[in-house]
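Here is a short report for a reader new to this structure. Please look over the sequence and the model before reading on.

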Amino acid sequence: MTAAVDIETVDDAAWIEDSFCRHWDGATIVSRGRVHQAADLSGFRAMDAAGALRGLASYAVDGEAFELVTLDSFGEGAGTGTALVSRVLFEAWERGCRRVWLVITNDNTHALRFYQKRGARLVAVYPNALAASRELKPTTPEHGHHGIPIRDEIELEWSL
């Protein structure tokens, strides 16, 4: 199903920070030992015809590597997440990046299915990585989806 949304570039740091605080337990995200501050990220938002927010993707670029830091879709099954991933992949390609990568935690089986169905490959598992992440962001919960203990990071990527 194709999303009936418009994808817009977001360059409003305060808006991104507010969105992180509402959806991600604060304005800080940790992935692979790197601390991302919401205000330092770029992103895209998906808006429906009525002007309601349907999703948000944030990213960071490091040379030829393009990290998808967060992806939120509000209203499962409408194609918003897929539309945002497509926009992220296109942005990375336009910038000359060679890969797009992301990290999810071991409890996030829904995201693992979602990204693999859209062509991402599982490239690494980092056992017990969340112990170090919690040192950087102590508010990271111990348990996640379905009560699964959050311990490991899983890295996925698309080669461009």
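Which residues of α2 are buried? They are Thr80, Gly81, Leu84, Val85, Val88, Leu89, Glu91 and Ala92. Keep in mind that this is a predicted model.

Helix α2 covers residues 80-94. That makes 15 residues. From the first C-alpha to the last, helix α2 reaches 21 Å, close to the 21 Å expected at 1.5 Å a residue. Just after α2 comes Gly96, with a positive phi of about 80 degrees.

Trp93 also belongs to helix α2. Is Trp93 buried or exposed? Trp93 counts as exposed, because its relative accessible area is 58% and the cut-off for exposed is over 50%. Trp93 is also part of a nonpolar patch on the surface, together with Phe90 and Leu160. The accessible area of Phe90, Trp93 and Leu160 together is about 340 Å².

Now to strand β5. This strand spans residues 53-62 and includes Val61. Val61 is partly exposed, because its relative accessibility of 32% falls between the cut-offs of 20% and 50%. Leaving out residues up to four places away in sequence, Val61 touches Phe66, Arg95 and Cys97. Val61 and Thr105 are 44 residues apart along the chain. Their C-alpha atoms are separated by 21 Å.

The table sets out the two accessibility values.

| Residue | Relative accessible area and class |
|---|---|
| Trp93 | 58%, exposed |
| Val61 | 32%, partly exposed |

Definitions and conventions
Residues numbered from 1 in each chain as written. Predicted model: local features only at pLDDT ≥ 70, side-chain atom pairs only at ≥ 80, totals over all residues. Heavy atoms only, no water. Helix = DSSP H or I, 4+ residues; strand = E, 2+ residues; numbered from the N terminus. Expected span 1.5 Å × (residues − 1). Buried < 20%, exposed > 50% of the residue type's maximum accessible area, 1.4 Å probe, protein only. Patch = residues over 30% accessible without salt bridge, like charges linked within 9 Å, V, L, I, M, F, W, Y side chains within 5 Å. Areas by Shrake-Rupley, 256 points an atom, 1.4 Å probe, with all protein chains shown as cover. Salt bridge = Lys/Arg side-chain N within 4 Å of Asp/Glu carboxyl O. Contact = heavy atoms within 4.5 Å.
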